[in-house]
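Good morning, colleagues. Please bring up the structure on your screens, and I will then go through it topic by topic.

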Amino acid sequence: MEYSNINLIVFLVLIFFIQLTKTYSTDGKDREEGDMELERQLKILNKKPIKTIMTKFGDTMDCIDIYKQPAFDHPLLKDHKIQMVPSSILEETTYGLNFDNGFQNERCPPETVPIRRAKKEDLINAQYLLQKTSNSIYANAYTMSPMNNHFVSVEESSEGKTYFGGAANVSVQGLALNNNQFSTAQIWIQNGPTEELNSIEVGWMVYPALFGDSQSRLFGYWTADGSKQTGCFNVLCSGFVQVHGEIPLGAVVGPVSEYGKHARVVHLKIYRDPETGNWWFIAAPNIIGYWPKEIFTHLANNASILRYGGIVGETPQTPAPPMGNGYLPQLDDYLKTAYMKRMQYIDEKGQHVKLNPNGVQIKHDTSSDCYNILFAGDIGGDWEISMAFGGPGGTCP
C-alpha cells in the first residue's frame with residue numbers, strides 16, 4: 001500500500017513537471033513570436049530616411065520620401081494617389097498656436113515628411129492604450145489594459161443626421177503625469193455599430209509612456225473596426241498620410257495656458273474632402289495630413305456621431321490623472337478652466353454650422369468630483385457654442 005502511494009506521488013510530481021515544462025516552453029515561444037512580430041512591424045514602419053534629426057525632446061525624427069511613407073504599406077492604399085492639399089480650403093481661423101517639432105535649426109529636405117522613428121516600447125505601450133475593456137459603456141473610449149479609463153463629452157448626435165467634419169478652438173493645458181497615466185482633449189468623428197466602429201479622433205494628448213515626457217502633443221487616432229484589428233495612434237501603423245513637411249503628429253503644442261493668466265488655444269478641425277472623400281486633419285493654420293477614404297467602411301461617406309471632450313486612463317491602484325487643466329470646470333472665468341469654443345460641425349455643403357444647443361447631450365462615466373463638463377451653449381461673440389471640462393482625478397469610482 002505504501003509502495004503504491006509512493007508510486008502515485010512520483011507519478012503526480014512527474015506530470016506536474018511535464019506540464020510546467022510545457023507552460024514555460026509555450027510562454028517562451030509566445031514571447032519569441034511576439035518579439036518577432038514587433039520587429040517585423042518596426043521594419044515596415046521605420047523607412048530608410050533621407051535625413052535623420054535628433055530633436056531636443058529626445059525623439060529620432062526621420063525625413064522620409066513623401067511617396068514612401070508608412071501609410072502606403074496599407075494593403076488598401078497600394079493604388080492610392082497622394083493628395084497634397086485639400087480640394088477646397090474651408091473657413092480657417094486667422095490665429096494658431098506654435099507647434100514645436102524640436103528640430104531647432106534643422107529642417108527636412110523638400111518632398112520629404114517628418115516621421116517619428118518607432119521603438120519597440122512605442123508599439124507595446126500603444127497597444128496597451130488601444131485595448132478595450134469588455135464592458136466599456138462608451139464606444140471607443142480606449143483604455144490601457146489593464147487600465148481604468150474615464151471620459152466626459154458633449155455629443156451632437158441626432159437620429160439620421162450626418163456630419164462631414166467637426167471643428168473647435170481647444171484650450172491647451174500643461175499636465176504633469178507619470179508613465180501609468182494618460183490624458184487627452186479631443187474631437188471624435190464616428191460611424192457604424194460598436195463592433196464595426198469607424199472612428200477618427202484628434203486633439204492634444206499627454207502620455208509619457210508613448211512620448212517619453214509630459215509635453216502636450218498633437219495626436220490623431222483611427223480605427224475601422226472598433227480597435228479590434230485596425231487603427232493606431234499617429235503613424236504607429238499604416239494609414240495616416242503626412243503632408244506637412246515640418247509639423248508631424250506628435251509635435252509639441254505650445255505654449256500652454258497659465259492658470260488665471262493666459263489662455264492658449266489651438267484651432268482643430270477634421271473634415272471630409274468633398275471630392276476625394278479623404279478625412280483631413282488641420283491644426284490651424286497648418287494642414288497636417290489626412291486619413292484616406294479607402295481605409296474606412298462606415299466613415300467612407302459621412303459620420304453619424306460628433307463628440308468633444310476628454311479621456312483619461314490609469315493603471316489599477318494608481319490615482320486617476322487630471323483632465324483638462326486639472327481643475328473642475330466653471331463658466332465664470334475662462335482663464336481658470338479648460339474649454340472648447342466655436343464648436344461647429346461641417347455639413348454636406350462644406351459649410352461650418354454651429355452645434356444645436358437643444359440637440360446636445362452631456363455624457364460622463366464617473367463622479368463629477370473627479371471630472372465634469374459644463375455646456376455653456378451659445379454665449380455669442382467669438383465664443384459661440386462653448387463648454388468647459390476637466391477635473392483633478394484622484395480616487396474615482
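Is phenylalanine 233 buried or exposed? Phenylalanine 233 is buried, as its relative accessible area is 1%. Please keep in mind throughout that this is a predicted model.

I begin with the aromatic rings. A search of the whole structure finds 12 aromatic pairs. One of them joins phenylalanine 219 and phenylalanine 233, with 5.8 Å centre to centre and 50 degrees between the planes, and this pair is tilted. Phenylalanine 219 belongs to strand 9, residues 217–223, and phenylalanine 233 to strand 10, residues 232–233, so the pair ties together parts that are 14 residues apart in sequence. Phenylalanine 219 also counts as buried, at 0% relative accessibility.

Which geometry do tryptophan 222 and phenylalanine 296 adopt? Their ring centres are 5.9 Å apart and their planes stand at 85 degrees; because an angle over 60 degrees counts as edge-to-face, the pair is edge-to-face. This pair links distant parts of the chain: tryptophan 222 is in strand 9, whereas phenylalanine 296 is in the loop between strand 15 (286–291) and strand 16 (305–314), 74 residues apart. Tryptophan 222 is buried, with a relative accessible area of 2%, and phenylalanine 296 is buried, with 5%.

The charged end of arginine 217 sits over the ring of phenylalanine 57, at 5.5 Å from the ring centre. Likewise, the charged end of lysine 341 sits over the ring of tryptophan 383, at 4.4 Å from the ring centre.

One joins cysteine 63 to cysteine 108, with an S to S distance of 2.1 Å. The torsion about the S-S bond of cysteine 63 and cysteine 108 is about -80 degrees, so this disulfide is left-handed. It links distant parts of the chain, since cysteine 63 is in strand 2 and cysteine 108 is in the loop between strand 3 (98–100) and strand 4, 45 residues apart. Both cysteine 63 and cysteine 108 are buried.

Cysteine 232 and cysteine 237 form another disulfide, with sulfur atoms 2.2 Å apart. Their link is left-handed, with -80 degrees about the S-S bond, and both cysteine 232 and cysteine 237 are buried.

There is also a disulfide between cysteine 370 and cysteine 396, whose sulfur atoms are 2.1 Å apart. The link of cysteine 370 and cysteine 396 is left-handed, with -115 degrees about the S-S bond. Cysteine 370 lies in the loop between strand 19 (360–364) and strand 20 (372–378), and cysteine 396 in the segment after strand 21 (385–390), so the pair ties together parts that are 26 residues apart in sequence. Cysteine 370 and cysteine 396 are buried as well. With the bonded cysteines of the chain numbered in sequence order, the pairing reads 1-2, 3-4, 5-6.

My last topic is strand 17. Strand 17, residues 338–346, is mostly covered, with 9 of its 9 residues buried. Which strands pair with strand 17? One of its partners is strand 6 (residues 165–171), in the antiparallel sense over 4 bridges; here alanine 167 stands opposite glutamine 344 in strand 17. Strand 21 pairs with strand 17 in the antiparallel sense over 3 bridges, and tyrosine 339 stands opposite alanine 388 in strand 21. Strand 18 (residues 352–354) pairs with strand 17, again antiparallel, over 3 bridges, with isoleucine 346 opposite histidine 352 in strand 18. Strand 17 and strand 18 form a hairpin with 5 residues between them, and glycine 350 in the turn has a positive phi of about 80 degrees.

Conventions:
Residues are numbered from 1 along each chain as its sequence is written. This is a predicted model: local features need pLDDT of at least 70, side-chain atom pairs count only at pLDDT 80 or more; totals for chains, interfaces and linings use all residues. Side-chain values use heavy atoms; hydrogens and water are left out. Rings of Phe, Tyr and Trp (its six-membered ring) pair if their centres lie within 6.5 Å; planes under 30 degrees apart count as stacked, over 60 as edge-to-face and the rest as tilted. Helices (H or I, at least four residues) and strands (E, at least two) are DSSP runs, numbered from the N terminus. Buried means under 20% relative accessible area, exposed over 50%, partly exposed in between (1.4 Å probe, protein chains only). A charge sits over a ring if NZ of Lys or CZ of Arg is within 6 Å of the ring centre and within 35 degrees of the ring normal. A disulfide is a pair of cysteine sulfur atoms within 2.5 Å. Two strands pair if DSSP finds at least two bridges between them.
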